[in-house]
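Morning, everyone. Let me put the model on the screen, and then we'll go through the ligand site.

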Amino acid sequence: MFQEFHRGRRLRTTATLRELVRETEIRPQDLIQPYFAAQGDPEAMNPISSMPGQYQYGLDKLVERVEMAVKLGLKALMLFGIPETKDEVGTQAYARDGIVQQATRRIKERFPDVVVVADTCLCEYTSHGHCGLVKEGRVLNDPTLELLAKTAVSQARAGADVIAPSDMMDGRVAAIRTALDQAGLTETPIMSYAVKYASAFYGPFREAAESAPKFGDRKTYQMDPANGREGLREAEADYAEGADMLMVKPALPYLDVLTRLKDRYDCPLAAYHVSGEYSMIKAAASNGWIDENAVVLESLTAIKRAGADLILTYFAEDVLRLMNG
Ligand code: PBG
């Protein structure tokens with residue numbers, strides 16, 4: 001009698017049928033694993049206490065780890081650097097032998113096909129921990145651009161395949177694009193952290209990268225979590241300045257922003273499933289409160305469904321392991 005009824009359950013009756021109508025799938029090539037490369041002892045592998053399973057790697061250990069991940073099917077990784085010395089102007093960010101530059105050379109030498117994405121920022125290299133030059137307690141915009149551009153060029157010269165500025169200074173995509181082009185690096189794409197919020201979810205990362213600001217916070221450059229429309233403006237600016245890919249960060253709390261970007265831009269979109277998102281899952285799972293693998297797959301699938309083409313996640317290795325059975 002109710003034959004005209006839509007019965008959603010019809011297509012859910014068997015696992016195969018569900019598979020047939022599944023709209024979203026995570027592919028190995030969608031995942032980018034972040035790594036922390038530390039200067040000093042090449043054999044170091046220091047656990048990051050707030051991110052169980054993540055480490056600061058010495059150069060040799062990093063290459064070993066990447067080898068393992070590549071065997072699992074990893075196609076792309078992002079590098080953060082932990083320098084031995086920091087100063088006011090973040091010299092180690094753009095030093096020829098800076099840690100990210102060295103790590104990039106080592107990885108590209110061994111695994112030429114792996115896509116190395118270099119995080120381009122100053123906060124890991126400045127003594128004050130801010131993402132730009134500081135004068136009288138203020139983070140300066142335009143003078144920072146020059147240093148970011150220098151950093152990008154030196155990372156690309158070391159072999160980085162993608163430059164990913166995460167500083168949130170205004171005009172940095174244009175400054176970096178111009179500098180790369182002038183250096184003859186016209187083929188190096190920019191993945192900009194276009195919509196990056198001043199998020200409490202970065203807490204564990206700042207322990208991992210030893211990059212917490214020594215005074216104040218990042219709210220004068222990173223965005224207010226309350227603002228969605230402003231995110232569209234940020235994305236528009238980076239797109240117009242020549243960004244090849246746009247990123248939203250963090251991921252799960254900002255899926256609405258991701259979807260709005262997807263509707264507007266035809267370029268590839270990335271989402272950064274950040275440290276705090278990782279650590280929350282790890283903590284709940286280690287208490288036996290949630291099923292880690294199921295929650296990870298559900299989270300990453302949701303991020304893709306919302307519009308991400310690429311996902312930066314500390315779970316990349318784990319997911320590849322799951323895919324390999
Ligand atoms: C550097 C940077 C940060 C992250 C990526 N690049 C930290 C910050 O902005 O304080 C966070 C990544 C994460 O939490 O996993 N600017």
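How far is a nitrogen atom of the ligand from an N or O atom in the side chain of S166? The answer is 3.2 Å. Keep in mind that this is a predicted model.

Now the surface. On its own, the ligand exposes 400 Å². The protein buries 100% of that.

Where does the ligand sit? In the largest cavity.

Next, the shell. The ligand is surrounded by 18 residues. K196, R206, K249, S275 and Y314 are the closest. By class, we have ten nonpolar residues, three polar and five charged. Two elements to point out here: β9 (191-196) and α6 (203-208). Each of them supplies at least two residues of that shell.

Last stop, D167. Find D167 in the loop between β8 (162-165) and α5 (172-182). Is D167 buried or exposed? Buried: its relative accessible area is 0%, and the cut-off for buried is under 20%, so D167 qualifies. What does its side chain reach? The backbone nitrogen of M169, at 2.7 Å. The D167 side chain also makes a polar contact with the side chain of R172, at 3.4 Å.

That's the tour. Over to you.

Technical notes. Residues numbered from 1 in each chain as written. Predicted model: local features only at pLDDT ≥ 70, side-chain atom pairs only at ≥ 80, totals over all residues. Heavy atoms only, no water. Near = heavy atom within 4 Å. Polar contact = N/O pair within 3.5 Å; in protein donor to acceptor, adjacent residues only side chain to side chain. Areas by Shrake-Rupley, 256 points an atom, 1.4 Å probe, with all protein chains shown as cover. 1 Å grid on protein atoms, 1.4 Å probe; cavity = no way out; pocket = protein on both sides within 12 Å on 5 of 7 lines; lining within 4 Å. Sits in = over half its atoms within 2 Å of the grid points. Helix = DSSP H or I, 4+ residues; strand = E, 2+ residues; numbered from the N terminus. Nonpolar A, V, L, I, M, F, W, Y, C, P; charged D, E, K, R; others polar. Buried < 20%, exposed > 50% of the residue type's maximum accessible area, 1.4 Å probe, protein only.
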